[in-house]
Amino acid sequence: RDDDDINDVASMAGVNLSEESARIMATNSDLVGTQIQSCKDEPFLAAIPLHKRILETAKKLGITDVPAEVVTFISHATQNRLRTVIEKVTVITQHRMESYKDDEWYEQATDVRSQLKFFEQLERLEKQRKDEQEREILLKAAKSRSRQEDPEQARLKQKAKEMQQQELAQMRQRDANLTALAAIGPRKKRKLDAPGLLTIGGEGVGLCGGSQAGLGTASPRQYPRQKITRVNLRDFIFYMEQEREMSHSLLLYRALLK
């Protein structure tokens with residue numbers, strides 16, 4: 001009854017099951033009757049140095065013989081472990097690089113960068129106010145004409161003289177820079193002879209497709225730029241803190257000390 005229902009639906013849709021089966025068999029005829037064999041077992045680590053290292057550890061426990069299957073199994077286990085670590089750390093790095101500024105489902109609660117800029121501006125204004133006060137004190141000391149001067153007054157006068165000389169030198173340097181920029185004139189961007197043409201050693205090298213004069217017959221290809229995920233030490237430390245086996249390990253302690 002189920003087959004009849006399927007045939008009725010297929011006939012209503014205009015599909016002939018026998019023709020479709022014959023077409024599938026004809027398309028995959030090269031795969032019918034072929035013998036599939038497993039690939040050669042390639043170890044991830046070098047077998048000889050790994051075998052020596054395992055034998056050194058086994059001798060301490062009283063084991064004198066380690067078969068080759070154990071070396072292969074440990075090599076595959078190392079590969080699997082390394083793949084797992086790389087996948088998890090990559091996910092952590094991608095989460096760190098995600099930006100939610102343009103996402104309509106998120107709103108910004110705090111802006112630490114703006115707060116730091118505000119504090120830096122306050123410190124700059126405070127420093128400027130203190131410099132102005134010190135400058136006024138030095139100028140008053142420089143203008144004083146008392147005959148009996150104490151050593152502190154003499155030191156203030158000398159410091160005021162040095163400050164005036166430094167300000168004068170800065171003004172001269174600023175005027176010299178402005179004069180040099182006015183003599184050079186406005187900087188103009190260098191124009192290429194043809195769009196998408198880069199000159200290297202006097203020869204033109206095409207950078208973009210299209211029929212341009214003098215580009216030659218070769219059509220350069222545009223390869224997509226591969227996205228690179230850069231993992232830093234902070235990401236790896238976060239991974240080790242989340243792992244049960246590594247959260248109290250010596251490796252995590254050494255990473256935190258760096």
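Is E167 buried, partly exposed or exposed? I found E167 partly exposed, with a relative accessible area of 27%. For this term I used the following cut-offs: buried is under 20% relative accessible area, exposed is over 50%, and partly exposed is in between, with a 1.4 Å probe and protein chains only.

**Entry 1: ground rules**

I am working with a predicted model, in which local features need pLDDT of at least 70, side-chain atom pairs count only at pLDDT 80 or more, and totals for chains, interfaces and linings use all residues. Residues are numbered from 1 along each chain as its sequence is written, and side-chain values use heavy atoms, with hydrogens and water left out.

**Entry 2: the chain as a whole**

I looked up the secondary structure and noted 8 helices and 2 strands in the protein chain. Helices (H or I, at least four residues) and strands (E, at least two) are DSSP runs, numbered from the N terminus. Along the sequence the pattern reads α-α-α-α-α-α-β-β-α-α. The protein chain has 258 residues, and buried ones make up 11% of them. I then checked contacts, meaning heavy atoms within 4.5 Å. Of the contacts with a separation of 6 or more, 42% are between residues 24 or more positions apart.

**Entry 3: salt bridges**

I noted 5 salt bridges in the structure. A salt bridge here is a side-chain nitrogen of Lys or Arg within 4 Å of a carboxyl oxygen of Asp or Glu. As background, side chains of opposite charge can pair when their charged atoms come close.

I went back to E167 and found that E167 forms a salt bridge with R135, with the closest N and O atoms 3.0 Å apart. E167 lies in helix α6 (residues 151-184) and R135 in helix α5, so this pair ties together parts that are 32 residues apart in sequence. R135 is partly exposed, at a relative accessible area of 30%.

I next took E126 and R129, whose side chains meet in a salt bridge at 2.4 Å, N to O. Both residues lie in helix α5 (residues 112-143), 3 residues apart, which is about one turn of the helix. E126 is partly exposed at 33% relative accessible area, and R129 is partly exposed at 40% relative accessibility.

I also looked up D131, which forms a salt bridge with K127, the closest N and O atoms being 3.3 Å apart. D131 and K127 are 4 residues apart in helix α5, or about one helical turn. D131 counts as partly exposed at 37% relative accessibility, whereas K127 counts as exposed at 55%. An α-helix has 3.6 residues a turn, so residues three or four places apart point the same way.

**Entry 4: the largest pocket**

Which helices each supply at least two residues of the lining of the largest pocket? I found that α5 and α6 do. α5 gives the most, with 6 residues. I put the volume of the largest pocket at about 240 Å³.

My terms were these. On a 1 Å grid over the protein atoms alone, a pocket is an open set of points where a 1.4 Å probe fits, with protein on both sides within 12 Å along at least five of seven lines; lining residues have an atom within 4 Å of a point. The volume is the space filled by probe spheres set on the points.

**Entry 5: A160**

I placed A160 in helix α6. A160 is buried, with a relative accessible area of 0%. Leaving aside neighbours within four places in sequence, A160 is in contact with L138 and A142. I also noted 9.6 Å between the C-alpha atoms of A160 and E134, which are 26 residues apart along the chain.

**Entry 6: helix α3**

I looked up helix α3 (residues 47-60), which has 14 residues and reaches 20 Å from its first C-alpha to its last, close to the 20 Å expected at 1.5 Å a residue. The expected span is 1.5 Å times one less than the number of residues. Its buried residues are L50, I54 and A58. They cover an arc of only 70° around the axis, which puts them on the same side of α3. The arc is that of the directions from the helix axis to the C-beta atoms. The face turned away from the buried side carries exposed residues, among them I48, K52 and E56. What covers the buried residues of α3 includes α4 (68-97). G62 follows α3 and has a positive phi, near 85°.

**Entry 7: E243**

Where is E243 found? I found E243 in the loop between α7 (233-242) and α8 (250-257). E243 is buried, with a relative accessible area of 12%. Not counting residues up to four places away in sequence, E243 touches R81 and K88.
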